[in-house]
Amino acid sequence: MKKIALLGLLVISMATPALAISRYNSMSMTCAEAKAVINRERAVIMRYPARRTPNMTLYDRYVADSGACDIGYYAYQDYLPTKDRASCPVYICRPTTDLDDDDLIFRR
């Protein structure tokens, strides 16, 4: 019985880090720093002020590439405000059902 309980705790402790995601304030970073954090951690939550309502804080998940997205999602270029740029190019995950023919990239 103790072995089963120990095994259960081991499985739970191994799964917990996979669920963790770091959170940052994009306005405290330069664009290069924000991109470096995203690329290093593969996926992060960034907090930033809304453009139309500066007192409102927005949050979003930014990823390094499509490999950090769930199945059925792809990396789509978006923009994040940082302390040195109003629009720092980064990626978010979007469902593949949102794809247009213009979004598709064909290899030759």
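The link of Cys69 and Cys93 is left-handed, with -90° about the S-S bond. In this predicted model, local features need pLDDT of at least 70 and side-chain atom pairs count only at pLDDT 80 or more, while totals for chains, interfaces and linings use all residues. Residues are numbered from 1 along each chain as its sequence is written, and side-chain values use heavy atoms, with hydrogens and water left out.

A disulfide is taken here as a pair of cysteine sulfur atoms within 2.5 Å. The count by this rule is two disulfides. Helices (H or I, at least four residues) and strands (E, at least two) are DSSP runs, numbered from the N terminus.

| Disulfide | S-S distance | Torsion about S-S |
|---|---|---|
| Cys69 and Cys93 | 2.1 Å | -90° |
| Cys31 and Cys88 | 2.0 Å | about 75° |

The sulfur atoms of Cys69 and Cys93 lie 2.1 Å apart. This pair links distant parts of the chain, 24 residues apart: Cys69 is in the loop between strand E3 (57-63) and strand E4 (73-80), and Cys93 is in strand E5. Cys69 has 11% relative accessibility and counts as buried; buried means under 20% relative accessible area, exposed over 50%, and partly exposed in between, with a 1.4 Å probe and protein chains only.

The disulfide of Cys31 and Cys88 is right-handed, because the torsion about its S-S bond is about 75°. It also links distant parts of the chain, with Cys31 in helix H2 (residues 31-41) and Cys88 in strand E5 (residues 88-95), 57 residues apart. Both ends are buried: Cys31 has a relative accessible area of 5%, and Cys88 is at 0% relative accessibility. With bonded cysteines counted along the chain, the disulfides follow the pattern 1-3, 2-4.

Where does Cys31 sit among the buried residues of H2? Cys31 is listed there together with Ala34, Val37 and Ile38. Seen down the axis of H2, these buried residues fall within an arc of 130°, so they line one face of the helix; the arc is that of the directions from the helix axis to the C-beta atoms. In an α-helix there are 3.6 residues a turn, so residues three or four places apart point the same way.

The cover over the buried residues of H2 includes strand E1 (23-25), strand E2 (43-49), E3 and E5, where contact means heavy atoms within 4.5 Å. Ala32 and Arg40 are exposed residues on the face of H2 turned away from its buried side. After H2 comes Arg42, with a positive phi near 75°.
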